[in-house]
Amino acid sequence: MVLNIPILKLQDCLIVSIQSELDDPTAMQFQTDLLQKLSEVKVRGLVIDLSCIEFIDSFIARILGDIIRMTSLMGTKVTITGIQPSIAITLVELGIYLKDVITALDLEGGLTKLQKALGGRKI
């Protein structure tokens, strides 16, 4: 069963909070939905909150890396929040580096950092 992950727009940013572990079909659908949303709305920033995720496998890690690169190519500044130690370990072990990606411990911190990166505009 493929779950839809809500993608919320807040001013000139999209906010995604992934609330459950991802399976392969859901991750692929999320990638498609997010890229479609980016093509439909004009935003400068994206926050992906992973606070509720404790584990990702190699396929989900690769999809996450692809999403980050694709959204950056579309001109969107990406912020990842709530990365758990096990996820950080998996990403590094797989060689998925979050170059030029803002990271923060929580959603509030991520929004603050993103605001500064976008020139200080309030989100």
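Which side chains meet in a salt bridge of 2.5 Å, N to O? Keep that in mind; the tour comes to it at the third stop.

**Before you start**

This is a predicted model, in which local features need pLDDT of at least 70 and side-chain atom pairs count only at pLDDT 80 or more, while totals for chains, interfaces and linings use all residues. Residues are numbered from 1 along each chain as its sequence is written, and side-chain values use heavy atoms, with hydrogens and water left out.

**Stop 1: the sheet**

Show the cartoon. Find the open sheet of five strands, in the order β1-β2-β3-β4-β5, with mixed pairing. Strands here are DSSP runs of E, at least two residues long, and helices are runs of H or I, at least four residues long; both are numbered from the N terminus. Two strands pair if DSSP finds at least two bridges between them. Now select β1 and β5 (102-104). These are the edge strands, and each pairs on one side only. From one strand to the next, the twist averages 20°.

Strands of a sheet pair through backbone hydrogen bonds, either parallel or antiparallel. You can see both kinds here. Select β3 (45-49) and β4 (residues 77-81). They pair in the parallel sense over five bridges. Click on V47; its bridge partner in β4 is T79.

Helix α2 touches β3 and β4, and its direction makes about 150° with that of β4. Helix α4 (residues 107-117) touches β2, β3, β4 and β5, and its direction makes about 150° with that of β5. These angles run from 0 to 180 degrees between N-to-C directions; axes are lines fitted to C-alpha atoms, for helices over the stretch in contact. Contact means heavy atoms within 4.5 Å.

**Stop 2: the hairpin and its turn**

Select residues 7-10 and 13-17. These are β1 and β2, which run antiparallel and are joined by four bridges. I7 has V16 as its bridge partner in β2. The two strands form a hairpin with two residues between them. In the turn, Q11 has a positive phi of about 55°.

Next, select D12 and R44. They form a salt bridge, with the closest N and O atoms 2.9 Å apart. (A salt bridge is a side-chain nitrogen of Lys or Arg within 4 Å of a carboxyl oxygen of Asp or Glu.) D12 lies in the loop between β1 and β2, and R44 in the loop between α1 (24-40) and β3, so the pair ties together parts that are 32 residues apart in sequence. R44 is partly exposed, at 32%. Buried means under 20% relative accessible area, exposed means over 50%, and partly exposed lies in between (1.4 Å probe, protein chains only).

**Stop 3: along helix α2**

A search of the whole structure finds three salt bridges. For the opening question, select R69 and D66: their side chains meet at 2.5 Å, N to O. The two are three residues apart in helix α2, separated by about one helical turn. Salt bridges that share partners join R62, D66 and R69 into one network. R62 and D66 form a salt bridge whose closest N and O atoms are 3.1 Å apart. They are four residues apart in α2, again about one helical turn. D66 counts as buried, at 16% relative accessibility. R62 is partly exposed at 42%, and R69 is partly exposed at 47%.

Stay in α2 and select T71. At 0% relative accessibility, T71 counts as buried. A polar atom of its side chain lies 3.1 Å from the backbone oxygen of I68. Leaving aside neighbours within four places in sequence, T71 is in contact with L34, L35, L38, L46, T76 and V78.

**Stop 4**

Select residues 85-93, helix α3. Which of its residues are buried? They are I87, T90 and L91. They cover an arc of only 95° around the axis, which puts them on the same side of α3. The arc is that of the directions from the helix axis to the C-beta atoms. On the other side, P85, V92 and E93 are exposed. Now show α2 (58-73), which is included in what covers the buried residues of α3.

Technical notes:
A polar contact is a pair of N or O atoms within 3.5 Å; within protein, one must be able to donate a hydrogen and the other to accept it, and residues adjacent in sequence count only if both atoms are side-chain atoms.
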